[in-house]
Amino acid sequence: MRHNHVRRILVAVLILIAATAFAQSPEDEEIFVPTYSLGDQTLSINLGLFVPLFITGGPDGITGPNLTVGGVGSIAWGSHITNEFKVGVEVGGSFSFTPNRRALFLVPITAESSYVFQAYPFEFPVTLGLGMSFARLEEDLKLDPFIRPGGGAYWNYSSQWAFGANVRYWIIPQIYSERSVAGPSESRIGNFLEISLSALYRF
Amino acid sequence: MHTNVKPALPVVLALFVLTIAACTQHPFGIFASIQRERKIPLDRNLGKELTVGALAKAGGTYFAATGALYYREQDDPATGTRPLWGAAAAPAAGDQSYRTMSLVAADLDAGERVYAVFVSPDATDSGVYEINPASPTDPPQSIFTPPGGVLRINNVFTINDGTQWLLASAATTDEPARHRLYASSDGETFGFLEGTELANATWVGVATNGTAVAYLSTTGLWRHPAGITPGTPPEIPLAIPPRGSGAIFTGIFYDEVGDLLWVADNRGHLYTSDDFGDTWVKGPENPVSTSNDTAIPFTVFAGVPRGGQTIIIVGTGGYGLRVVGVAGEVDANTPVSPPQVTGSNYQGSGLASSAIVSLFVDPDAVSGFPVETADGPARWDGHLLFVGTVQKGLWRTLSSVSGPYQWVRE
């Protein structure tokens, strides 16, 4: 009996939480035209496809990436400076495979700045991420500069949640210096495309 | 909408530092290596993560010492069949726990046979065993067990100085252990090569110019000038290879075209002698690459017949293969170079960053065998070079005579 009682309470609490977060009926929906001010924060989770485009910078010029389409994921935190302008930090990762099934992992850590065009109920952020990216192939690991311009389209589901998609272009100049093991002739620039779905939470 | 969130900065920083600390670098770029990569055909079933200590061929059958002993028949160009690897029997019937990392093929009194050193899991039992290539799943026959004063048999070598010899290196029960050589010309009885017990370092190889025989330990070179004579202690040439501080010798090879005896060490040096051991040329230290001055830890040599020439190659401890050059045209002063990578799948193969512990050139591989390459169907037209690695399996060339090597993993 005691177990049943506890279970009923737990179920009720879970339903209440779910209802609060997501289960607003159309009649209850607030008319929300978001306006942001300094310090308003966002947290977003992105998951999607990682599309290698090409590799350049070597003696063969532009060549195919020699990589499969893979997966990408990231988590980003942002804070508004103004209604339209936002800065933040993003940590992500991607994987794809070479013809011999060697896995290439890229883990970028970036500082992000976004300008958000607003057309309620939609928002269109244009972003630029700058940072560093770890590249790992088997036992080889390298830290490279990382540039990621991109854009997105979000639909405001509620005052807290928005859902959307991003298309972002990854540019990774992989530079080997004279002092490196590989030498400068091994320098290349990797070009990749991220196509991801995103869930954004405001707080 | 304001919430005070503190990012887990210390955790992120710690992960960052740990990751940086784990960085490793190889003599090729990550993206450049991917750009060059070509698909490696996997046409056999030997484990990709095996260490292959030795490879030999007898009676048309290859044997690989990988801990366990594996065998497969050579390809049949008439039928186009590609025999797969199977497990050969271990010494104790039904007990596959005996391990082998050293074997050779030799044609002695019993005919063409494979001779392998098997060691029990606790290393208390060891010996040289004979395997009939016609029946590799029959338990091998013991032909040599440790005699008195010997703790363990370590390796086998074979050499032909006019007589085909089977040599076994053994560690004594002394503290510290001494290392002896035993020799057999019939595959049944082994004679102690007196004097070799003075070596306090393990034997790593043997070479002959057809008359004299040189034995290389990790610390020096010994020699029988008139061929293996069990009753006569081998001499120690006064000008042994001038090994540097901390270096150990790792490989020996006789270049019959240039009449040069080659020795390699683990500190980037090659040594040559044009009088089979009396005088030596010590080459300059070979760095990993032009931008990395780490000395290459050389391992074992091989001479690969190609296009009417013999190409001398040497393995490394973690940097793949290096080409020494054309036999007869190079000596220890010639800098080694990486294998040709343009048009080859070498760099993307994983072989470029492998530690290589065994090289085997199939002397009588058949040509014309239909093969599947990264560029489509082709016919193999050259000698087979096998490369045994540490935990990256067994590799084999697949190439035309004129083109760069293509590699497949067995």
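Okay, housekeeping. Residues count from 1 along each chain as its sequence is written, while chains are lettered from A and ligands numbered from 1 in the order in which they are written. Since the model is predicted, local features need pLDDT of at least 70 and side-chain atom pairs count only at pLDDT 80 or more, while totals for chains, interfaces and linings use all residues.

Confidence next. The predictor gives the complex an ipTM of 0.82 and a pTM of 0.72. On pLDDT, the predictor's confidence in each residue from 0 to 100, chain B has a mean of 86, with 84% of its residues at 70 or more. Where does chain B stay under 50? That's residues 1–6, and the model has 7 contacts beyond four places in sequence for them. By contact I mean two residues whose C-beta atoms, placed from the backbone, lie within 7 Å.

Quickly, chain A. Helices here are DSSP runs of H or I with at least four residues, strands are runs of E with at least two, and both are numbered from the N terminus. Of the 203 residues in chain A, 34% are buried. Buried means 20 or more other C-beta atoms within 10 Å of the residue's own; exposed is 12 or fewer, partly exposed is in between, and C-beta atoms are placed from the backbone. Look at contacts in chain A with a separation of 6 or more, and 55% of them are between residues 24 or more positions apart.

Now the hairpins in chain B. Two strands pair if DSSP finds at least two bridges between them. Strand 9 of chain B, residues 150–160, runs antiparallel to strand 10, residues 164–172, with 9 bridges. One of the bridge pairs is B:Ile153 with B:Ala170. There are 3 residues between these strands, and in that hairpin B:Gly162 has a positive phi near 110°. Strand 10 of chain B then goes on to pair with strand 11, residues 179–184, again in the antiparallel sense, over 6 bridges. This hairpin connects through 6 residues, and B:Ala168 sits opposite B:Tyr182.

Further along chain B there's an open sheet of 4 strands, antiparallel, in the order 16-17-18-19. Why is one side of strands 16 and 19 left without a neighbour? Because strand 16 (249–255) and strand 19 (281–282) of chain B are the edges, each with a single partner strand. Strand 18, residues 270–273, meets strand 19 of chain B over 2 bridges, and B:Tyr271 partners B:Lys282 there.

Have a look at B:Arg267, in the loop between strand 17 (260–265) and strand 18 of chain B. It has 18 C-beta neighbours inside 10 Å, so it counts as partly exposed. Leaving out residues up to four places away in sequence, B:Arg267 touches B:Gly244, B:Gly246, B:Ala247, B:Glu285 and B:Ala295.

Last, the cores. A nonpolar core is a set of buried Ala, Val, Leu, Ile, Met, Phe, Trp, Tyr and Cys residues joined through C-beta atoms within 7 Å. The largest has 123 residues, and those with the most contacts inside it include B:Phe63, B:Leu103 and B:Val156. A second, separate core of 7 residues includes A:Phe50, A:Phe146, A:Trp170 and A:Phe192.
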